[in-house]
Amino acid sequence: MHCNTPPLLQFRSALLHAGFRVSLSHACKNALKTDAPPAVLWDIMRCWEKCNPVKRERLSETSPAFRILSAEPTLQACFDVREDANPQSRRRHLTRYQENPQANWGPKARAKGSGGISSTLEDKRKQFQNKRKAPVTDASQLKNFPCKKFRKGTCNRGDECCYSHEPQLGSGEGQKME
């Protein structure tokens with residue numbers, strides 16, 4: 001076993017030697033994805049512990065670690081490092097998990113049609129803060145909102161309609177050019 005080889009690389013090599021696929025996770029730099037069943041993973045961990053023993057006297061007999069390590073592995077893991085266990089991106093020292101360069105970094109609001117750029121994310125958050133804080137609790141408050149059926153010409157409630165039947169100037173809907 002190679003003492004200066006990172007354990008994660010040896011664990012990946014053991015999975016490859018056992019005939020399973022393994023790759024890095026996109027979510028965490030120390031996580032793996034594999035098609036190996038859990039029993040194989042436990043056996044590899046048991047074999048690793050035989051080469052790198054833990055102090056058994058420190059383990060409680062009721063702990064999961066004690067029970068897992070008490071079983072004999074059915075698979076004999078080979079921890080010799082394979083070339084394909086270290087992906088090319090890692091061999092080339094490419095950055096995989098970059099830090100965000102600033103707070104709230106990421107996709108911004110799309111550009112405005114006038115050629116300028118739209119307000120920043122923080123401005124939009126402030127603009128829409130508490131927008132829906134005061135819910136409509138009284139039916140008389142609904143008269144402030146236009147009746148959608150009236151705009152389409154299908155509202156048959158007339159003056160009994162809870163919504164406004166006033167024409168909405170500036171909305172562009174329902175207006176006709178002459």
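Glutamate 49 is found in helix H2, and at 8% relative accessibility it counts as buried, because the cut-off for buried is under 20%. Keep in mind as we go that this is a predicted model.

Now step back to the whole chain. The protein chain has six helices and two strands, and reading along the sequence gives the pattern α-β-β-α-α-α-α-α. Of its 178 residues, 19% count as buried. As for contacts between residues at least 6 apart in sequence, 43% of them join residues at least 24 apart.

So where is the largest nonpolar core, and which residues make it up? It has twelve residues: Leu9, Phe11, Ala14, Leu15, Leu16, Val22, Ala36, Val40, Ile44, Cys47, Phe79 and Ala85. Helix H1 (7-17) and helix H2 (38-51) are the elements that give two or more residues to this core. The largest share, five residues, comes from H1.

H1 is mostly covered, with eight of its eleven residues buried. Those buried residues are Leu9, Gln10, Phe11, Arg12, Ser13, Ala14, Leu15 and Leu16. What lies over them? The cover includes strand S1 (22-24), strand S2 (32-34), H2 and helix H4 (88-91). Once H1 is done, glycine 19 follows, and its phi is positive, near 95°.

Phenylalanine 11 is worth a look of its own. Besides being one of the core residues, it touches Leu32, Leu41, Ile44 and Met45, again not counting residues up to four places away in sequence.

How do H1 and H2 sit against each other? Two packed helices are described by the angle between their axes and the distance between the axes. Here, the axes of H1 and H2 come within 11 Å and cross at roughly 130°. The two helices are therefore oblique to each other, and H1 passes H2 in a right-handed crossing. On the H1 side, Pro7, Gln10, Phe11, Ala14 and Leu15 do the meeting; on the H2 side, their partners are Val40, Leu41, Ile44, Met45 and Trp48. An α-helix has 3.6 residues a turn, so residues three or four places apart point the same way.

Is aspartate 43 buried or exposed? At 6% relative accessibility, it counts as buried. Leaving aside its neighbours within four places in sequence, aspartate 43 is in contact with Glu72, Pro73, Thr74 and Leu75. For leucine 75 there is a further detail: its backbone nitrogen lies 3.3 Å from a polar atom of the aspartate 43 side chain.

Serine 60 has its place in the loop between H2 and helix H3 (64-70). With a relative accessible area of 38%, serine 60 is partly exposed, because that label covers values between the 20% and 50% cut-offs. Which residue does its side chain make a polar contact with? The partner is the side chain of threonine 62, at 2.9 Å.

Key
Residues numbered from 1 in each chain as written. Predicted model: local features only at pLDDT ≥ 70, side-chain atom pairs only at ≥ 80, totals over all residues. Heavy atoms only, no water. Core = buried A, V, L, I, M, F, W, Y, C linked by side-chain atoms within 4.5 Å. Buried < 20%, exposed > 50% of the residue type's maximum accessible area, 1.4 Å probe, protein only. Helix = DSSP H or I, 4+ residues; strand = E, 2+ residues; numbered from the N terminus. Contact = heavy atoms within 4.5 Å. Polar contact = N/O pair within 3.5 Å; in protein donor to acceptor, adjacent residues only side chain to side chain. Axes fitted to C-alpha atoms, helices over the stretch in contact; angles between N-to-C directions. Parallel < 35°, antiparallel > 145°, perpendicular 65-115°, else oblique. Left-handed = near helix turned anticlockwise from the far one by under 90°.
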